[in-house]
Amino acid sequence: MKRFNKAAATPDGGQPPPPSSDHGSDGVCRSTAECKCGLNIMKLTGAIVVFVMGFSVLFSVSVVLRDPPSDVLWPVVDASRILDSKLHKAILEEDELAQPVEVPNDKLLGDLLPIGFDDKSCLSRYQSLLYRRGLSRKPSSHLISKLRTYEALHKKCGPHTDPYNKALENLKKSATANSTTDCKYLVWISFSGLGNRILTLASAFLYALLTDRVLLVDSGKDIPDLFCEPFPESSWLLPTDFPLAEKFNGFNQKSNESYGNSLKRNSSSGDVSYTYLHLVHDYDDKDKLFFCNQDQEYLQKNQWLVMKTDNYFIPSLFLIPSFEKELHSLFPDKEAVFHFLGRYLFHPTNSVWGLISRYYQSYLSNADIRIGIQIRVFDAKSGPFKHVLDQILLCTTKEDILPQITKNQEPDFDRSVKPKTVAVLMTSLSGGYFEEVRNMYWENPTKNGDLIGVYQPSYEGYQQNEKRNHNRKAWAEMYLLSLTDKLVTSSWSTFGYVAQGLGGLRPWILYKPENLTAPDPPCVRAVSMEPCFHAPPFYDCKLRRGVDTGAIVPHVKHCEDMSWGLKLV
């Protein structure tokens with residue numbers, strides 16, 4: 001081999017032969033015959049070199065691949081083809097399930113999000129695109145314009161600005177609503193569980209958009225610990241020295257300051273410096289007049305509105321005539337209202353984002369398919385309950401969300417096809433359902449060969465709304481559920497509503513069990529991703545009589561999981 005290599009080196013790397021001259025110099029050849037002889041010798045030498053090089057290559061191949069079997073070379077070619085095919089297939093599957101978005105190109109979610117933030121102060125605002133699909137729908141240009149207008153208003157009238165300070169003086173002096181300032185305010189009181197607070201905060205923000213008010217958020221126990229600031233250059237948090245803050249916990253349906261009670265007394269809301277809006281589930285018929293057109297006109301005169309609610313009341317805003325045209329322009333796609341508002345408002349703080357990103361990268365990121373199962377049982381007794389587990393398994397297998405198992409340890413499926421990996425994320429206050437599902441897929445193979453991994457971040461035992469770390473975990477789990485490809489939720493649960501709305505997912509909803517028995521059918525596919533308004537009014541403001549508010553307009557219907565509730569479709 002060394003001899004062949006040395007010969008081959010001469011024409012490439014050795015001294016080249018003297019070049020011939022086009023001018024026939026006597027120093028090159030003395031006669032035509034001599035020149036022809038020299039050329040013939042050179043041609044012969046070149047031919048010999050080429051032959052030797054070719055022979056050396058053939059000899060090398062014959063030594064290395066002496067009588068190779070037929071299944072040695074072709075698998076190399078086939079493997080490269082299979083690898084290319086699998087890479088292509090993986091890209092297609094990822095597009096179908098996750099639809100990844102290039103962060104630099106759409107970090108603002110189609111201009112839904114504002115500019116002007118320090119990225120490091122809230123990592124989730126832009127990094128979330130690395131973990132989830134982009135917006136499932138496109139926001140309207142009118143919504144984008146309205147948000148930019150609101151941000152300017154919030155900057156102008158927000159906490160500690162001159163207009164805010166003047167409005168605060170009016171409030172302290174109990175001045176009437178007819179103030180010279182052009183800034184009006186809606187104060188949202190932090191109330192109820194975390195899922196409720198997220199939904200009601202989105203509702204309050206939309207109401208502020210519609211009425212040109214500045215939304216100020218009561219921090220409660222943990223709002224700054226859970227959510228980044230959504231508006232640039234101005235805080236949405238109500239200053240801690242707000243003069244009415246001490247009354248927040250005491251406000252209820254019987255409060256004299258409530259709009260409903262002022263109507264009962266036939267007193268004008270314009271005679272006071274603020275009006276309390278009681279929109280909690282126990283509100284009465286007078287409180288519900290908030291959703292009437294003429295009452296909205298009346299409330300507009302008041303500079304300060306203070307709201308306490310545990311309801312996602314947006315569906316009933318679509319039934320108020322004075323808001324109808326604006327809402328249609330803001331949200332041509334009615335089922336994406338919370339999807340847009342949620343992705344705009346709610347960005348986990350860095351501490352919560354750490355919980356989310358670490359868990360996702362550790363357990364979910366490498367799966368071909370991610371399934372979310374959110375379990376909420378409204379029962380005084382502690383679970384787990386067998387009928388609930390039966391319902392979960394029946395729903396997920398019947399709807400082809402999870403594969404069926406087989407007792408045959410050698411199931412009949414095509415082993416030439418690489419099995420899919422499925423990550424199942426379960427959330428529940430109890431760890432019992434997770435353990436049963438995990439053990440079932442660990443101890444038994446699936447009929448289709450899929451490999452199932454089951455995970456649950458926490459099981460707190462019972463709801464602990466006042467504990468900071470509990471709510472951090474709850475917010476992280478809602479967000480993780482929103483990153484899945486398919487989602488199963490529990491009836492009546494605002495936890496599930498938040499996850500489906502943020503993720504732009506139409507979930508399968510587990511019906512609420514009755515008499516400790518799994519319902520048949522076990523679940524139903526939601527007609528839209530929108531949350532349900534659990535306690536809507538059933539009142540025709542024009543006719544002043546009861547009416548089915550789920551049958552007035554085609555885009556407001558009754559909920560799948562609560563027959564008297566309302567949702568946008």
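Is Cys-532 buried or exposed? In this predicted model, Cys-532 has a relative accessible area of 4%, so the residue counts as buried.

The structure holds five disulfides. A disulfide is a covalent bond between the sulfur atoms of two cysteines.

Cys-532 pairs with Cys-559, and the two sulfur atoms lie 2.0 Å apart. The torsion about this S-S bond is about 95 degrees, so the disulfide is right-handed. Cys-532 sits in the loop between S10 and strand S11 (539-540). Cys-559 sits in the loop between strand S13 (556-558) and strand S14 (566-568). The bond therefore ties together parts that are 27 residues apart in sequence. Cys-559 has a relative accessible area of 6% and is buried.

A disulfide also joins Cys-395 to Cys-523, with an S to S distance of 2.2 Å. This link is right-handed, with 95 degrees about the S-S bond. Cys-395 belongs to helix H16 (residues 386-398), while Cys-523 belongs to strand S10 (residues 523-525). A helix and a strand are thus tied together, and the parts are 128 residues apart in sequence. Both cysteines, Cys-395 and Cys-523, are buried.

Another disulfide connects Cys-157 and Cys-183, with an S to S distance of 1.9 Å. Here the torsion about the S-S bond is about -50 degrees, so the disulfide is left-handed. Cys-157 lies in helix H6 (residues 141-157). Cys-183 lies in the loop between helix H7 (162-172) and strand S1 (185-188). The pair therefore ties together parts that are 26 residues apart in sequence. Cys-157 is buried, at 0% relative accessibility. Cys-183 is buried as well, with a relative accessible area of 0%.

Helix packing was examined next. Two packed helices are described by the angle between their axes and the distance between the axes. The crossing of H8 past H19 is left-handed.

Note on methods:
Residues numbered from 1 in each chain as written. Predicted model: local features only at pLDDT ≥ 70, side-chain atom pairs only at ≥ 80, totals over all residues. Heavy atoms only, no water. Left-handed = near helix turned anticlockwise from the far one by under 90°. Helix = DSSP H or I, 4+ residues; strand = E, 2+ residues; numbered from the N terminus. Disulfide = S-S within 2.5 Å. Buried < 20%, exposed > 50% of the residue type's maximum accessible area, 1.4 Å probe, protein only.
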